[in-house]
Amino acid sequence: MNRFRRCLGFAAFSMLFAAMPALCAELFGDDFTDPAASHQKWMNLDDAAVTVADGGCTIDNGPGSVSEYYHDFGASKPEVFTLSFTLKSIERGSVAGALFCRQGNSSGNVTGGYVLTARSDTVIVYKLTLSGNSYGLNSVLYQRSADVLPANNKLTVSKNGSTFHVFANDEFVGEFTDADYGPGDISLFTFSNTKAVFGALSVTDAFQNGKRTEFSDNFDNASLKYWNYLQGSGPAPEIRAADGKLKITTVDGGDGPSGAAWMYVDIELSEFEARVEASHVSGSNTSPYGFILIGDGPSEIAYFAIRGGRRYLVWRQGEPQPDPVLASSINGAGYTDLLEIKKTKESPGYEFYANGALLSPREDWQDWPSLVNFKITGIGLFAQNELAAEFDNFYVKEKQQTSSIRTYNNSKRISRAPSAQKSANPAFYDLRGRKRYTLTAAPNRASIKRAAGVYVNENGREVRVRGRK
């Protein structure tokens, strides 16, 4: 889930695919460079204007009905697959995308399936339902992504059982679980009065696992877009990437709980190794800086830290900081230290290293294995008050290997959230943002009477349009 806001004490806090091996078999594909070849692969079910040329498929659907450019897999509809296509643009209208797990046949209405599309900075998967002569679309994934472009977005969905992983431009966006629709066909799907341009499409028999198992950052990218932040109620620190390093400057917390900085990346860890080069540039020699391991609860944060005075300490959020231990292996203020955390099957707990030397817990400290007694869902960096610190060459890798049907792991991830939804709102709007109607109860959707069109509430939860004539 997204964890952009947390609680720290009483303060309020707010990928690239790995190369797919050759054993992945393509079940279907079209690059839209040969109109005659495309004509043999697809069926235009609704007589919309379809033009195939120069690597693009333009579908210009008129008013009054949905439109499908349909491919039938026949009797061998894939149960495990990865569908990838380019949505070049939606030039006019509302919703257009790839319909997958399509239910129904070529001689009648589509009766169900999922539609993958993108709008503005958001990737959306709608569940399509047919009720009477109307189609309903309820979002099962509605996730903002920094990787969505103004046009020419490569969108990917991968299915294994009832689990779906979704990507935008080869970066993981989110996942959802739904078992309502099993194996089916695909189509390029446009709503009433919508014109869209699609690029190359392919379907393979492999499942693409979006869950991150490895992440690295040399901080050459100033955007820091894969990092999330914890925000305290004290003075805001300065966090930026410049000159190939992460630069953090913290301030005096004053009367607030802190003026510290915390940042993390989403990754589930159990047996892993992590490392970073940490430098004390200036400021307090008694302010710790280093790694944080985090879970989902407000107190599930563990600190593995050093200080400029060549000391180290490890503690759990909500507990007093222990007395630090002097270690000659730590370089401290004015120097760079290579910090590492390791957890293996062989080790009873977490191992903390400075410049290759193992740092051991003191006898009167809480035992390190029980210190991190929560499921780790993120790892990051922190620096406490009145300190200027720099970090470089951050790296973490989960050692355990997941197994599933043809599973391939990516290296970067933004969020695991299946949907970033707001609170319930009965008001529905058209896609220009104009309020059109309000639901005060939960009526039978088939009985809702209103003009044909596309409507959505703040969560992107529902869209309706008149069905085929």
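Predicted model: local features only at pLDDT ≥ 70, side-chain atom pairs only at ≥ 80, totals over all residues.
Let me begin with strand β13, which covers residues 153–160 and has seven of its eight residues buried, so that the strand is largely enclosed by the rest of the structure. On one side of the pairing we find strand β8, residues 80–92, which runs antiparallel to β13 and is joined to it by eight bridges; within that pairing, T82 has S158 as its bridge partner. Strand β14, residues 163–168, also pairs with β13 in the antiparallel sense, here over six bridges, and V157 is partnered by V166. The hairpin formed by β13 and β14 has two residues between its strands, and G161 takes a positive phi there, near 65°.

Now to a sheet. Seven strands form an open sheet with antiparallel pairing, in the order β20-β23-β32-β25-β26-β27-β28. The edges are β20 and β28, and because each has a single partner strand, one side of each is left without a neighbour in the sheet. Further inside that order, β25 (residues 289–294) and β26 (residues 301–307) are paired antiparallel over six bridges, with I292 standing opposite Y303 of β26.

Finally, the salt bridges, of which the structure holds 15. In one of them, R92 and D60 have their closest N and O atoms 2.6 Å apart, and this pair links distant parts of the chain, since R92 sits in strand β8 and D60 in strand β6, 32 residues apart. R92 is partly exposed at 31% relative accessibility, and D60 is partly exposed at 29%.

Another salt bridge joins K77 and D185 at 2.8 Å, N to O, and it connects the loop between β7 and β8, where K77 lies, with strand β16, where D185 lies, 108 residues apart.

The last pair I will mention is D147 with K225, whose closest N and O atoms are 2.6 Å apart; D147 is buried, with a relative accessible area of 7%, while K225 is partly exposed at 31%.

Methods: Residues numbered from 1 in each chain as written. Heavy atoms only, no water. Buried < 20%, exposed > 50% of the residue type's maximum accessible area, 1.4 Å probe, protein only. Helix = DSSP H or I, 4+ residues; strand = E, 2+ residues; numbered from the N terminus. Pairing = 2+ DSSP bridges. Salt bridge = Lys/Arg side-chain N within 4 Å of Asp/Glu carboxyl O.
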